[in-house]
Protein chains: 2
Amino acid sequence: MNFLEERIVKDGVVKPGNVLKVDSFLNHQMDVKLFDKMGEEFAKRFEKKKINKILTIEASGIGIASVVALHFDVPVVFAKKTQSINLDGDMYTASVESFTHKNINNVIVSKKFLTKDDHVLIIDDFLANGCALMGLIQIVNAAHATVEGIGIAIEKGFQSGGHIIRNLGYQLESLAIIDSMDDVTGEIKFKDPNETM
Amino acid sequence: MNFLEERIVKDGVVKPGNVLKVDSFLNHQMDVKLFDKMGEEFAKRFEKKKINKILTIEASGIGIASVVALHFDVPVVFAKKTQSINLDGDMYTASVESFTHKNINNVIVSKKFLTKDDHVLIIDDFLANGCALMGLIQIVNAAHATVEGIGIAIEKGFQSGGHIIRNLGYQLESLAIIDSMDDVTGEIKFKDPNETM
């Protein structure tokens with residue numbers, strides 16, 4: 001097990017309905033030292049890619065993306081879930097269905113901050129059905145920018161998102177891929193990353 | 001002018017209605033190297049305080065708080081604006097009116113992540129009327145934790161929030177305090193931090 005898998009086993013809680021609660025270190029309380037290790041690992045996995053921008057989605061992607069970005073020495077742009085009166089000018093938009101919240105959000109990115117010259121690493125905390133990622137990819141494509149890679153903290157390997165996105169040819173790196181989890185025993189099994197394709 | 005004031009003059013845009021757009025480096029696209037400098041500066045200003053947790057509010061506080069937290073070697077907890085089905089158990093709640101979005105949000109923090117033993121540094125990107133900060137202070141007080149200090153990137157010195165919070169006795173450190181701004185000329189004037197009391 002790697003450092004993130006170990007932490008998930010230690011502090012993650014499996015709930016009915018395939019819900020994995022990692023709110024003690026990932027998406028409510030945030031262990032920024034863990035994020036720093038994640039940044040180190042993503043920097044290794046994407047070292048051959050020329051990346052000049054990180055794109056994520058509010059809210060829980062922002063903390064990870066910000067700390068990871070220090071390892072790439074690039075700015076972060078986060079897609080916003082509601083239109084702000086402070087966001088004028090043209091925006092790229094996509095619709096994203098949330099597995100957690102069971103709702104649909106419009107996400108927006110200002111056209112000022114994503115252009116055809118951008119080589120983008122997409123970062124997010126979770127990958128399940130892939131809706132959030134597909135929305136972000138759609139936004140990068142609309143900007144005629146390039147998706148150089150996708151870095152995910154925790155992928156639910158038993159849902160279809162990872163499979164779909166890898167089949168589209170993207171370099172998708174998930175630091176922990178859950179093969180199965182049991183809310184009765186609390187057991188969590190991980191996939192061997194070499195078997196994800 | 002310090003590093004943040006210089007950046008505001010360089011890249012901030014003054015809009016009618018006392019709106020300062022800093023979305024190119026602070027709250028949509030985020031310059032994480034700038035956040036790193038802010039962390040260094042907050043670490044100096046709060047070096048006498050025993051801080052074991054940083055509290056912020058989604059969404060635009062999260063990036064700053066996460067990078068700042070690396071300088072304090074503490075976890076971040078962010079107050080969430082909507083109730084998630086992933087957040088079970090008891091929560092502290094507060095109502096917060098947004099100056100930017102002209103709406104009222106309930107913000108919540110899980111009771112698991114804020115206790116009487118916590119010595120909290122509150123971090124946020126903006127301080128205007130102080131509603132968001134008062135909500136966070138209310139949550140810390142409800143947990144019988146201690147507010148050790150408050151670190152803000154940009155304070156609108158011509159609105160009442162900073163005055164109210166300093167009068168309550170909190171150590172409030174704003175890295176840039178705007179005295180006035182003019183949406184016709186684009187001119188931004190800063191307050192001398194020694195005159196904020």
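Mentor: Strand E4 (residues 53-57) of chain A is mostly covered, with 5 of its 5 residues buried. Buried stands for 20 or more other C-beta atoms within 10 Å of the residue's own, exposed for 12 or fewer, and partly exposed for the range in between, with C-beta atoms placed from the backbone. Strands (E, at least two residues) and helices (H or I, at least four) are DSSP runs numbered from the N terminus. This is a predicted model, in which local features need pLDDT of at least 70 and side-chain atom pairs count only at pLDDT 80 or more, while totals for chains, interfaces and linings use all residues. Residues are numbered from 1 along each chain as its sequence is written, and chains are lettered from A and ligands numbered from 1 in the order in which they are written.

Trainee: Which residues point the other way from E4(A) than Lys53(A), Leu55(A) and Ile57(A)?

Mentor: Lys53(A), Leu55(A) and Ile57(A) point one way, and all residues on both sides are buried. Pointing the other way are Ile54(A) and Thr56(A).

Trainee: In E8(A), what is the bridge partner of Lys53(A)?

Mentor: E4(A) and strand E8 (residues 119-127) of chain A run parallel, joined by 3 bridges. Two strands pair if DSSP finds at least two bridges between them. The partner of Lys53(A) in E8(A) is Val120(A).

Trainee: Which residues does the cis peptide bond join in chain A?

Mentor: Ala59(A) lies in the loop between E4 and H3 of chain A. The cis bond there has an omega of about 0° and joins Glu58(A) and Ala59(A).

Trainee: Which strands stand at the edges of the open sheet?

Mentor: The sheet has 7 strands in the order E11(A)-E10(A)-E9(A)-E8(A)-E4(A)-E5(A)-E3(B), with mixed pairing. Each edge strand has a single partner strand, so one side of each is left without a neighbour in the sheet: these are strand E11 (188-190) of chain A and strand E3 (29-30) of chain B.

Trainee: What is the bridge partner of Val76(A) in E3(B)?

Mentor: E5(A) and E3(B) pair in the antiparallel sense over 2 bridges. In E3(B), Val76(A) has as its partner Met30(B).

Trainee: Why are H3(A) and H3(B) oblique to each other?

Mentor: H3(A) and helix H3 (residues 60-72) of chain B have their axes 8 Å apart. Axes are lines fitted to C-alpha atoms, for helices over the stretch in contact, and angles run from 0 to 180 degrees between N-to-C directions. Angles under 35 degrees count as roughly parallel, over 145 as roughly antiparallel, 65 to 115 as roughly perpendicular and the rest as oblique. H3(A) and H3(B) are therefore oblique, packing at an angle of about 50°.

Trainee: Which residues of H3(B) make the contact with H3(A)?

Mentor: Two residues are in contact if their C-beta atoms, placed from the backbone, lie within 7 Å. H3(A) contributes Ile62(A), Gly63(A), Ser66(A), Val67(A) and Leu70(A). From H3(B) come Ile62(B), Gly63(B), Ser66(B), Val67(B) and Leu70(B).

Trainee: Which element gives the largest share of the side of chain B that touches chain A?

Mentor: In total, 31 residues of chain B are in contact with 31 residues of chain A. Elements giving two or more residues to that side of chain B include E2, E3 and H3. The largest share is 6 residues, from H3(B).

**A positive phi**

Trainee: Is Asn18(A) buried, partly exposed or exposed?

Mentor: Asn18(A) lies in the loop between strand E1 (13-15) and strand E2 (19-21) of chain A. Its phi is positive, about 55°, although Asn18(A) is not a glycine. With 15 other C-beta atoms within 10 Å, Asn18(A) is partly exposed.
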